[in-house]
Amino acid sequence: MSPRPSSLPAAPIRAVAYLLPSVPAGVCEARSLVRAELTGWGLERLIDDCVLIVSELVTNAVRYGGSAYALRLEDRADRLYGEVFDPGDGEPLPCSPDADAISGRGLQIVSAIADDWGVTATDGGKVVWFSVLNTV
């Protein structure tokens with residue numbers, strides 16, 4: 001599992017965390033929360049990428065992670081850092097689905113959009129984290 005990035009500044013400028021139930025409707029709620037927070041933080045240019053990343057990570061948490069998950073976002077001046085914690089076992093790994101498969105591409109999408117991402121084992125589960133540069 002990849003450790004969390006060590007190059008993050010010491011403290012976030014702003015941070016928010018949500019505990020959400022692991023139900024399919026939670027994916028839509030997570031997207032709405034990301035959109036609202038980033039708009040409030042003046043980070044509109046990051047919304048589309050971050051909504052897509054969070055949507056993929058939360059979908060995995062809902063499908064494989066247990067009864068609830070936590071979503072955290074941090075504005076760290078030069079980047080937006082996010083993480084999804086879930087109590088599920090195992091490490092999510094990118095896979096190579098068949099061309100006609102209807103799922104299985106989520107972590108490939110995260111890898112293509114995020115500037116960095118990884119998985120960290122924690123007591124009681126795992127954190128899948130990402131960062132997106134916040135530079136113009």
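Me: Asp86 and Lys126: buried or exposed, and what makes them so?

Reply: Both Asp86 and Lys126 are buried. Buried means under 20% relative accessible area, exposed means over 50%, and partly exposed lies in between (1.4 Å probe, protein chains only). A word on where this comes from: it's a predicted model, where local features need pLDDT of at least 70, side-chain atom pairs count only at pLDDT 80 or more, and totals for chains, interfaces and linings use all residues. Residues are numbered from 1 along each chain as its sequence is written, and side-chain values use heavy atoms, with hydrogens and water left out.

Me: Why is the contact between Asp86 and Lys126 called a salt bridge?

Reply: The label needs a side-chain nitrogen of Lys or Arg within 4 Å of a carboxyl oxygen of Asp or Glu. For Asp86 and Lys126 the N to O distance is 2.7 Å, so the pair meets the definition. Asp86 sits in strand S3 and Lys126 in strand S5, so the bridge ties together parts 40 residues apart in sequence. Searching the whole structure turns up five salt bridges.

Me: What makes Arg72, Glu74 and Arg76 one network?

Reply: Shared partners: salt bridges join the three of them. Arg72 meets Glu74 at 2.7 Å, N to O, and Arg76 has its closest N and O atoms 2.5 Å from those of Glu74.

Me: What makes Asp48, Asp49, Asp115 and Asp116 a patch of negative charge?

Reply: They gather on the surface, and Asp and Glu count as negative, Lys and Arg as positive, with His and the chain ends not counted. Patch members have over 30% relative accessible area and no salt bridge, and like charges are joined within 9 Å. Asp49, for one, has 34% relative accessibility, so it counts as partly exposed. Asp49 belongs to helix H2, residues 47-64.

Me: What makes a set of residues a nonpolar core, and which members touch the most others in the largest one?

Reply: A nonpolar core is a set of buried Ala, Val, Leu, Ile, Met, Phe, Trp, Tyr and Cys residues joined through side-chain atoms within 4.5 Å. The largest here has 33 residues, and Leu38, Leu80 and Phe130 touch the most other members. Elements that each supply at least two residues include strand S1 (14-21), helix H1 (25-40) and strand S5 (125-133). H2 gives the largest share, nine residues.

Me: How do you know how many helices and strands there are?

Reply: They are DSSP runs numbered from the N terminus: helices are H or I, at least four residues, and strands are E, at least two. The protein has three helices and five strands, in the order β-α-α-β-β-α-β-β.

Note on methods:
Patches are made of residues with over 30% relative accessible area and no salt bridge: like charges are joined within 9 Å, nonpolar side chains (Val, Leu, Ile, Met, Phe, Trp, Tyr) within 5 Å. Accessible areas come from the Shrake-Rupley method with a 1.4 Å probe; for residues, only the protein chains shown count as cover. The place of a charge is taken as NZ of Lys, CZ of Arg, CG of Asp or CD of Glu.
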